[in-house]
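Here is a quick walk through a protein model, written for someone who likes to know the cut-offs. Have a look at the structure first, then read on.

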Amino acid sequence: MRGVDASLSCPGISSVNQLGGFFVNGRPLPLDTRQQIVRLAVSGMRPCDISRSLKVSNGCVSKILGRYYRTGVLEPKGIGGSKPRLATPPVVARIAQLKGECPALFAWEIQRQLCAEGLCTQDKTPSVSSINRVLRALQEDQRLAWAQLRSPAIPCHAYSGPACPGILGSLLPSAVLGDSIRRVSE
């Protein structure tokens with residue numbers, strides 16, 4: 001490839017748009033270019049003319065200006081990263097409590113209830129799939145606890161007789177299961 005820069009031949013590193021401008025796919029436009037776009041727009045230049053003079057696509061110019069006019073923010077949005085965890089321990093506890101009180105509740109009903117109670121805001125509520133994931137995890141924890149209860153390290157005959165009334169109930173791991181499961185001895 002004679003006459004072509006070697007850095008352009010590697011896909012994903014950099015490309016040339018239809019106007020002859022360089023860009024890196026999936027990465028935001030540099031801040032100085034964004035500032036130039038806004039400066040030219042404020043001075044009265046049309047977006048299509050800004051696009052041609054800076055060799056940035058018209059769609060990119062429009063998107064940057066639209067966001068700037070709407071929010072006043074010039075910096076790009078964050079790339080990647082993870083969303084904040086919405087199923088916090090108090091929310092998970094309330095989900096378990098709601099499901100324990102009414103096992104027929106659907107996840108979307110639990111979601112609405114969390115908002116209605118003010119535990120979550122409308123935009124910071126766990127999704128239906130997240131609530132279902134929490135419920136599956138709680139169900140799995142419950143299964144594990146019952147499996148451990150069925151196969152104790154102490155032989156079964158140690159639990160029989162009048163000397164140990166209600167010992168079975170005291171063995172339930174209430175820290176794992178929460179208040180949603182009643183003690184067996186009660």
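## Ground rules

Let's settle accessibility before anything else: with a 1.4 Å probe and protein chains only, a residue is buried under 20% relative accessible area, exposed over 50%, and partly exposed in between. This is a predicted model, where local features need pLDDT of at least 70 and side-chain atom pairs count only at pLDDT 80 or more, while totals for chains, interfaces and linings use all residues. Residues are numbered from 1 along each chain as its sequence is written, and side-chain values use heavy atoms, with hydrogens and water left out.

## The overall layout

The protein has eight helices and two strands. Both kinds of element are DSSP runs numbered from the N terminus, with helices being H or I of at least four residues and strands being E of at least two. Reading from the N terminus, the order is β-β-α-α-α-α-α-α-α-α.

Of the 186 residues, 22% count as buried. A contact here means heavy atoms within 4.5 Å. Among contacts in the protein with a separation of 6 or more, 43% link residues 24 or more positions apart.

## H2 against H3

Helix H2 covers residues 47-54 and helix H3 covers residues 58-71; they pack at about 120 degrees, with axes 9 Å apart. The axes are lines fitted to C-alpha atoms, for helices over the stretch in contact, and the angles run from 0 to 180 degrees between N-to-C directions. H2 and H3 are therefore oblique to each other: angles under 35 degrees count as roughly parallel, over 145 as roughly antiparallel, 65 to 115 as roughly perpendicular, and the rest as oblique.

The crossing of H2 and H3 is right-handed, the label used if the near helix is turned clockwise from the far one by less than a right angle, with anticlockwise giving left-handed. On the H2 side the contact uses Pro-47, Cys-48, Ile-50 and Ser-51, and on the H3 side Asn-58, Val-61 and Leu-65. Sorted by class, that contact has five nonpolar, two polar and no charged residues. In this scheme Ala, Val, Leu, Ile, Met, Phe, Trp, Tyr, Cys and Pro are nonpolar, Asp, Glu, Lys and Arg are charged, and the others, Gly among them, are polar.

## Two loop residues

Lys-55 sits in the loop between H2 and H3. What is the phi of Lys-55 near? Phi is near 60 degrees, a positive value in a residue other than glycine. For context, most residues other than glycine have a negative phi. Lys-55 is partly exposed, at 42% relative accessibility.

Arg-85 lies in the loop between H3 and H4 and counts as exposed, at 59% relative accessibility. Arg-85 and Thr-125 are 40 residues apart in sequence, and their C-alpha atoms are 9.9 Å apart in space.

## H4 against H5

Helix H4 (residues 89-101) and helix H5 (residues 107-116) pack at about 120 degrees, with axes 11 Å apart. That makes H4 oblique to H5, and their crossing is right-handed.

From H4, Val-91, Arg-94, Ile-95, Leu-98 and Lys-99 meet Ile-110, Gln-113 and Leu-114 of H5. The residues of this contact divide into five nonpolar, one polar and two charged.

## Cysteines

How many disulfides are there? Taking a disulfide as a pair of cysteine sulfur atoms within 2.5 Å, the count comes to zero. The sulfur of Cys-120 has its closest cysteine sulfur in Cys-115, 6.1 Å away and too far for a bond.

Cys-120 is buried, at 7% relative accessibility, whereas Cys-102 is partly exposed, with a relative accessible area of 33%.
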